[in-house]
Each structure stands twice: as structure tokens, then as C-alpha cells.
Amino acid sequence: MSDLKQEINRRRTFAIISHPDAGKTTLTEKFLLYGGAINLAGSVKGKATARHAVSDWMEIEKERGISVTSSVLQFEYGGYCINILDTPGHQDFSEDTYRTLMAADSAVMVIDGSKGVEAQTRKLFKVCVMRRIPIFTFINKMDRDANDTFDLLDEIEKELGIATCPKNWPIGSGKGFKGIYDRDKRCVVIYSDTEKGTKEGEATRIPIEEKQRVEEAIGSEAAEKLLEEIELLDGASAEFDLDEVRGGNLTPVFFGSALTNFGVEIFLRHFLQMTTTPLPRTADCGVVDPVERDFSAFVFKIQANMNKAHRDRVAFMRICSGKFEASMEVKHVQGGRIMRLSQPQQIMASERKILEEAYAGDIIGVFDPGVFSIGDTICSPKETFFYEGIPTFAPEHFARVRQMDTMKRKQFVKGITQIAQEGAIQIFQEYNTGMEEIIVGVVGVLQFDVLRYRLENEYNVDIRLEPLPYEHIRWIANWEDLDMDRMTGTSDMKKVKDMKGNPLLLFVNEWSVGMTVDRNPGLVLTEFSRN
Ligand code: G4P
């Protein structure tokens, strides 16, 4: 196998999705620990920064010049080169969180065993489904009292619409947590609390056939319950089928406790075997093979520098094919220019490392003098093709925005348009009027603060934001075939248009969305906009 092929094939690029507090950070720490990337778990990101208040967030952004939320972690484990993409939560939740998923080949879904499927997981899951990427489930915090295991699986199937296949099975939870049953190896793995940053020890494994030993280890009551559950499970759960997993129709489920470091390495090992090598990507020239084609990448995120003194930005690219070398010339297809990527870097949790080379599957951040846009294609100078664009995701918070000083209209429009072009916010206008009324839509409310801060600091414009009650936005897939003026909706519905003039509808609740579809035969509404 050529070196290039070997390098690409050993890469695994995935995102971790979860609701805040489910244990994503803790799990990531443990992964890094196994990879030897850190010596002691607990240093991925300071808890203080993970839970910062809005004002602190601004300070952090300013100090570092780059978002703390943009971490991409790379580490080695068992011959694999692993790229983990963080999907920020809490107040940091934004459209970037969704876009990050466009760069991943699979997703690890972390669920808190006592909470089940939560709101943010649901949202991120939808994007994974849209991309049909494999999803692996880790049900965490089994050392705490968890919901009934069958109920948890049921919830995932019903709420998320994906079949589940438990690869292991928890034996009790909370104080009664005794370990897991490994269904492939048909043995019981006894729980041991190896907290404090040590690697997962050699856990005791007992074959399920050795009834007496199993009973001694977990107690006869738990053993009896386990046998019953295994029987039920073998009869009821979906058959394991790797093709179904790879197609995003079946999620393998694992149980464990990230904090006490139990079940994590088992999960990591299985996951790495099951997940894919860097996936081919669709472009206008057809499907681009990661190994066969020369270097190519697409921009999935642009991070504006919050530091007023440096107006630079960092463009994050996912390499889709070939090898990247720092000195090479590349073509920025949308800009029609041959260029060298400036200061290519890998962004590790809190530090940046200048890169000499990178391969398909890797993520690089490059200095952007303002030429890149989200979705742009970068490829070898002798080629010209366009990767499929990144969809625009539905904002969930809306506000009417006005500048305080009417004399500053020009700066205001320029600033807000530029910030929208970077993809930090979306702007809309009243359907029948011009730019006088601007409506801003954001995925996470923190983006309102970012907008205010940036307009003040970079464009010297103070604004007033007036929150609007809308929570749902729908693009109209077939608006060209409809008479927009005659369309009837509910009384709370608002017609707006985006920067390109496409009409959209805003709704206060989901019910109104359904009513509007019912009242307008033929109307097709979508939650994403394919650019
Ligand atoms: P997140 O990134 O998904 O937001 O979650 P994070 O890892 O920060 O974990 C959230 C809280 O849950 C933390 O507690 C963490 O220690 C705890 N936790 C994570 N995994 C487990 C687990 O397997 N079992 C138990 N019992 N707890 C777990 P915290 O008190 O909020 O923070 P800290 O003071 O422990 O740092």
C-alpha cells in the first residue's frame, strides 16, 4: 500500500454530539488519555472555560484570537490517527455547531443514562441523519442511577428514529452498578473505578457460562436479572449489520461511565473498527475519492478574530482528498485564484501548531485575509470543481435590529452584511420592503451578543435588538411555482426574504407550520436551505 493510502486509511474523523453535561468533555479526555496525548485526564479544557459566562466568553475569544469553541483534537491510538471535532454546546451553540458536522465522517452520541435523549442531541442528530453518517451511542454515567435500559433504547428508537443494537449491556446502575456484559465475547466485565486519570485497568472478565463465578462477582440477584435481560435482548434487538451502521440506519450502543473510566476503551476500540475511513465527497464533477485524487478541501467554518487590532480570520477546512503540504500551491475555486495557504495550522484544544503536512480526513485552519466563504472549494491548481455547498441551518431566535444613530446607516448595513456573509448570523428583510427593517436570525442566542459586540468594536455602530417571538423558520422549496402574495398562513406567520431574495416563512410554533402546509396545497417547506 502506498504511504499516501496508508496515511489516509488510518484516519478517523468524527464529531461528538451531546446535550450539555452529558459527559462529552470527560469522554474526550479519556480518549486522549488512551492516545497518550495528555498525561492526566482533566486537561482537555479547563472546566472554568467550559462553563464561562457570556462576558468571560468575549474575553477568552479576545485573548486567544480564536474561539475556544473551535477545537479540533488530533491524537494517535492503536495505529489510528484520530480527529475529534468538538460540537460546542451551552451558550456557544451556534450554526457553527451544525457546520462542524459537515466535516465529520461519523458521530459519537453521548447520552446521560439518567436523562435519555435531550434537546441538543435531538437537533444535532437531525443533521447527522441528513448526511447519513454513522452514529455510535455511548450511554454515560452508569455509575449514577440510570433509566431502565430497555426504556433508554426505546426512547432512542422512537425519538430519533434510528434502530439500536446494544454491543454491551449494563449490569445495574448507580450504587448497584456491577459492570457490563460484552455481547460479542459473551462475558461479564466487572466494574472497577479507575478514576483519577489512570488508564483503564485490566478489568476482570468472566464468561457468562461460568455461572458460579458470575454470581460471586455480581451477586445472584443481579446475575439472574442479567440472564433474563440477555435472553430478551437476543430475541428483541436488531441484528448487528455493519452496512446498516455505515448507512446511518442502525446505531451500536455502548454503556459505561466516562468519569470513572469504565467502558470507555472498549467503546473506543469497537468504534474505531466500525467507523469509516475518510469518506468520499460529492462535487459537481462526481464523487471525489480521498486516495485517488490530488489535494482538495472545503471550508466549513470561518472564525472571525475578535481582536480589534487584528482583523484576520481563520478558515477551517476539511481535507477531502490527497495530501496537503505547507509549501504547495492550491486553487481557491470560488475566488478563481492560485495561492499558498497561509499559516496552515492544526488547532489543538488551546494551542495552535503550524503544520507541514496533512492528509484527507484532517482538519486545518488557515489564515484568511477575507477571501474565503463557507462552503468554498480548494483544490490542486490544475483542477476546477466545486464541492456540494453547506446548507444553511434554521435559526431559532429572531430579533429586529436597528442602529441607534441614524447617521451611521451605511456602516451598520456594511457591518451586518459582512458578519452575515461570514455565517455568524442570518439576516432577513420584510418581504415587501427593503433594507429598512432588518431581522436577524441566530441558532444560539449568544450570537446576538457577538453581533452587538462586533458591530460596536469593528464598525463603531451601536444597535438595539428587539426580540421577536418566532422560533421556526422554513424555506419554501418550490416558491417559484407559487403565488407568494396569495399564500395564506396562520395569523402569527411572517413572510420574509433572505439576502438572496428567497422568500421564507417565520412561525411562532410548530402547529402553525402544519396549518400553513394544510392551507396551501402543493407548498413544500424545508428546514435546511441547500445553497
Ligand atoms: P459536557 O462536556 O457534555 O458538558 O459534560 P462534562 O464532561 O463536562 O461533564 C458534566 C458533568 O458530569 C461533570 O461534573 C462531570 O464530572 C460529570 N460526569 C461526566 N461523566 C460522568 C460519569 O460517567 N459519571 C458521573 N457520575 N459523572 C460524570 P461537574 O460536577 O459538573 O463538573 P466537575 O466539577 O466534576 O468537573
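Two strands are taken to pair if DSSP finds at least two bridges between them, and the helices (H or I, at least four residues) and strands (E, at least two) are themselves DSSP runs, numbered from the N terminus. The model is predicted, so that local features need pLDDT of at least 70 and side-chain atom pairs count only at pLDDT 80 or more, whereas totals for chains, interfaces and linings use all residues. Residues are numbered from 1 along each chain as its sequence is written, and side-chain values use heavy atoms, with hydrogens and water left out.

In general, strands of a sheet pair through backbone hydrogen bonds, either parallel or antiparallel.

Six of the six residues of β11 (residues 250-255) are buried, so the strand is largely enclosed by the rest of the structure. L250, P252 and F254 point one way from β11, while T251, V253 and F255 point the other way, and all are buried. Strand β5 is likewise mostly covered, with six of its six residues buried. On one side of β5 lie I135, T137 and I139, and on the other F136, F138 and N140, all of them buried.

The ligand is surrounded by 18 residues, the closest being D21, K24, T25, T26 and D143; a residue is included if one of its heavy atoms lies within 4 Å of the ligand. Helix α2 (residues 24-35) gives the most to this shell, with three residues. By class, the shell comprises four nonpolar, seven polar and seven charged residues, where Ala, Val, Leu, Ile, Met, Phe, Trp, Tyr, Cys and Pro count as nonpolar, Asp, Glu, Lys and Arg as charged, and the others, Gly among them, as polar.

Helix α5 (residues 95-102) has eight of its eight residues buried, so it is largely enclosed by the rest of the structure. These buried residues are E95, D96, T97, Y98, R99, T100, L101 and M102. The side chain of E95 makes a polar contact with that of Q426 at 2.9 Å; such a contact is a pair of N or O atoms within 3.5 Å, of which, within protein, one must be able to donate a hydrogen and the other to accept it, and residues adjacent in sequence count only if both atoms are side-chain atoms. Q426 lies in strand β26 (residues 426-430) and counts as buried, at 9% relative accessibility.

Strand β26 is also part of an open sheet of eight strands with antiparallel pairing, in the order β28-β25-β27-β26-β30-β31-β29-β32. Its edge strands, β28 (463-468) and β32 (525-526), each pair on one side only. Strand β25 (residues 397-403) pairs with β28 in the antiparallel sense over six bridges, and F398 stands opposite L468 of β28.

In helix α14 (residues 510-519), S512, V513 and T516 are buried. Seen down the axis of α14, the buried residues fall within an arc of 105°, so they line one face of the helix; the arc is that of the directions from the helix axis to the C-beta atoms. The face turned away from the buried side of α14 carries the exposed residues W511 and D518.

Note on methods
Buried means under 20% relative accessible area, exposed over 50%, partly exposed in between (1.4 Å probe, protein chains only).
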